[in-house]
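User: I would like to go through the classifications assigned to this model and the criteria behind them. Please set each value against its definition.

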Amino acid sequence: MTNDVRFMQAALKEAEKAFKKTEAPIGAVAVKDGKILARAHNLRESKRDPLGHAEMYLLGKLANKLKSWRMMGATVYVTLEPCLMCMGALIQARVPRLVFGTLDPKAGACGSLYDLSRDDRLNHRIDVTSGVLKDACSKILSDFFKRLRKKKLTRRG
């Protein structure tokens, strides 16, 4: 098993925590020197926080751990392609490498709608690997939204 798979499995465990809280099941971990330094998952609904994405919480935790806003040498693993806000934060934090599971065709800023990771106009570029455990990352999201739709139909019926 490659390190990317192992660390994406850890991100999926975070996504499962979000799922259980009825949050969009997106999880993230930050790794440096082969060790997980921070873990996070979406908390937008429960915290009523528009910035409550897994990546945003992860970067805050990692900054505290590293005692720096610069995330040099860290790799971020996230189950879903980051949105514009999260890619902006990853770039500002100088994250050198990002690994994500599945594309987000509605909000992705790492290849789907936009690709901020390679934009020469920005002062930092991120090396991106996509598709790691893509099927598992996609399935947890599909299952979550199916369950959500079912609940809404049950309430109306």
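User: Why is Asp 104 called buried?

Analyst: Asp 104 has a relative accessible area of 14%. Buried means under 20% relative accessible area, exposed means over 50%, and partly exposed lies in between (1.4 Å probe, protein chains only). Asp 104 is therefore classed as buried. The model is a predicted one, in which local features need pLDDT of at least 70 and side-chain atom pairs count only at pLDDT 80 or more, while totals for chains, interfaces and linings use all residues. Residues are numbered from 1 along each chain as its sequence is written, and side-chain values use heavy atoms, with hydrogens and water left out.

User: Where does Asp 104 lie, and what is it in contact with beyond its sequence neighbours?

Analyst: Asp 104 belongs to the loop between β4 and β5. Helices (H or I, at least four residues) and strands (E, at least two) are DSSP runs, numbered from the N terminus. With neighbours within four places in sequence set aside, Asp 104 is in contact (heavy atoms within 4.5 Å) with Leu 80, Glu 81 and Ser 112. Glu 81 is 23 residues from Asp 104 in sequence, yet their C-alpha atoms are 5.5 Å apart.

User: What makes Glu 14 and Lys 17 a salt bridge?

Analyst: The criterion is a side-chain nitrogen of Lys or Arg within 4 Å of a carboxyl oxygen of Asp or Glu. The N to O distance for Glu 14 and Lys 17 is 2.9 Å, so the pair qualifies. Both residues lie in helix α1 (residues 3–20), three residues apart, about one turn of the helix. Glu 14 counts as buried at 4% relative accessibility, whereas Lys 17 is partly exposed at 40%.

User: How do you know that Arg 118 and Asp 115 also meet in a salt bridge?

Analyst: Their N to O distance is 3.9 Å, which is within the 4 Å limit, so the pair is counted. Arg 118 is exposed at 60% relative accessibility, and Asp 115 is partly exposed at 27%.

User: What are the values for Arg 121 and Asp 119?

Analyst: The closest N and O atoms of this salt bridge are 2.6 Å apart. Arg 121 is exposed, with a relative accessible area of 73%, while Asp 119 is buried, with 15%. Elsewhere, salt bridges that share partners join Asp 4, Arg 97 and Asp 127 into one network. A search of the whole structure finds seven salt bridges.

User: What makes β4 and β5 a pair?

Analyst: Two strands pair if DSSP finds at least two bridges between them. Four bridges join β4 to β5, so these strands pair, and they run parallel. Arg 97 stands opposite Asp 127 in β5.

User: Why are β2 and β5 called edge strands?

Analyst: The open sheet of five strands has the order β2-β1-β3-β4-β5, with mixed pairing. β2 (35–41) and β5 each pair on one side only, and these are the edge strands.

User: Why do Leu 84, Leu 113 and Tyr 114 count as a nonpolar patch?

Analyst: Patches are made of residues with over 30% relative accessible area and no salt bridge: like charges are joined within 9 Å, and nonpolar side chains (Val, Leu, Ile, Met, Phe, Trp, Tyr) within 5 Å. Tyr 114 has a relative accessible area of 43%, so its exposure passes the 30% threshold. Together, Leu 84, Leu 113 and Tyr 114 make a nonpolar surface patch of about 290 Å², with areas from the Shrake-Rupley method and a 1.4 Å probe, where for residues only the protein chains shown count as cover. Tyr 114 is found in the loop between β4 (97–102) and β5 (127–130).
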